[in-house]
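Please open the model in a viewer and keep the sequence at hand.

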Amino acid sequence: MSHASRGTTDFDPRQFRTAMGQFCTGVTVITTLDAEGSPAGFACQSFAALSLDPPLVLFCPQKTSRSWKVIETAGRFCVNILSNHQQDVSATFGAPGTDKFAHIDWDRSPGGLPVIRHCITWAQCDIERVDDGGDHFIVIGRVTVLGEMLQDKPLLFYRGGYLSTEHPRVTPAQAELENFLTWTGGDTWL
Ligand SMILES: Cc1cc2nc3c(=O)[nH]c(=O)nc-3n(C[C@H](O)[C@H](O)[C@H](O)COP(=O)(O)O)c2cc1C
């Protein structure tokens, strides 16, 4: 049986972005406080749950992100997972701005960090380590506080636009995923 040769080594950044845009993600807002106590944050799709034990998450800020500099200095952040009612929140935090929180309702986590109201859930984290990731950093955080959960559907980001899930429950994945971090079939996960 012959195997066709596929793919191209000759791709530009636009093609790369389009290809990677086929991967659907949720949307988070990563928040923190600056030294004066002012809130800062940015919209972030490059978020993932990383480890169950210890409880670790990761996100990838652009090296040019102003919020990242504040988060790095603070050493702590909150990840806020957006619901499908929060496209406007994503748009506000996904653009540069001096006072992104001006028209946002928010509360404080136990560590005093901004928790955006009406998120599906949130977690407060300490920065554990930062690695280089090309024009981004890879930031690993240890979860110290877990927020409460709403039953809303998530806001999704796909091909550069927003999507919403119609059905909060999908077909269960196979049992081999039992110990996988985002497996929600058993009662061991949250
Ligand atoms: C849906 C969405 C997802 C985004 N994901 C990321 C991301 O993963 N990493 C990142 O650095 N910027 C991401 N951005 C872009 C930043 O939110 C945007 O550049 C913002 O202006 C950065 O603000 P700052 O300079 O105040 O940090 C995303 C924007 C949107 C709308």
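How many bridges join strand 2 to strand 6? Select residues 28-33 and residues 76-81: four bridges join these two strands, which run antiparallel. Strands (E, at least two residues) and helices (H or I, at least four) are DSSP runs, numbered from the N terminus. This is a predicted model, in which local features need pLDDT of at least 70, side-chain atom pairs count only at pLDDT 80 or more, and totals for chains, interfaces and linings use all residues. Residues are numbered from 1 along each chain as its sequence is written.

Within this pair, Thr31 stands opposite Cys78 in strand 6.

Next, display helix 2 (66-74). The buried residues of helix 2 are Ser67, Trp68, Val70 and Ile71 (buried: 20 or more other C-beta atoms, placed from the backbone, within 10 Å of the residue's own). They cover an arc of only 160° around the axis, which puts them on the same side of helix 2 (the arc is that of the directions from the helix axis to the C-beta atoms). These buried residues pack against strand 2, strand 3, strand 6 and strand 10, with contact meaning C-beta atoms, placed from the backbone, within 7 Å. Just after helix 2, select Gly75, which takes a positive phi of about 75°.

Finally, turn to the ligand. It is surrounded by 19 residues, the closest being Ser46, Gln62, Ser65, Ser67 and Gly94 (near: C-beta atom, placed from the backbone, within 6 Å). Strand 3 (39-44), helix 2 and helix 3 (87-93) each supply at least two residues of this shell.

Definitions and conventions:
Pairing = 2+ DSSP bridges. Buried ≥ 20, exposed ≤ 12 C-beta atoms within 10 Å, placed from the backbone. Contact = placed C-beta atoms within 7 Å.
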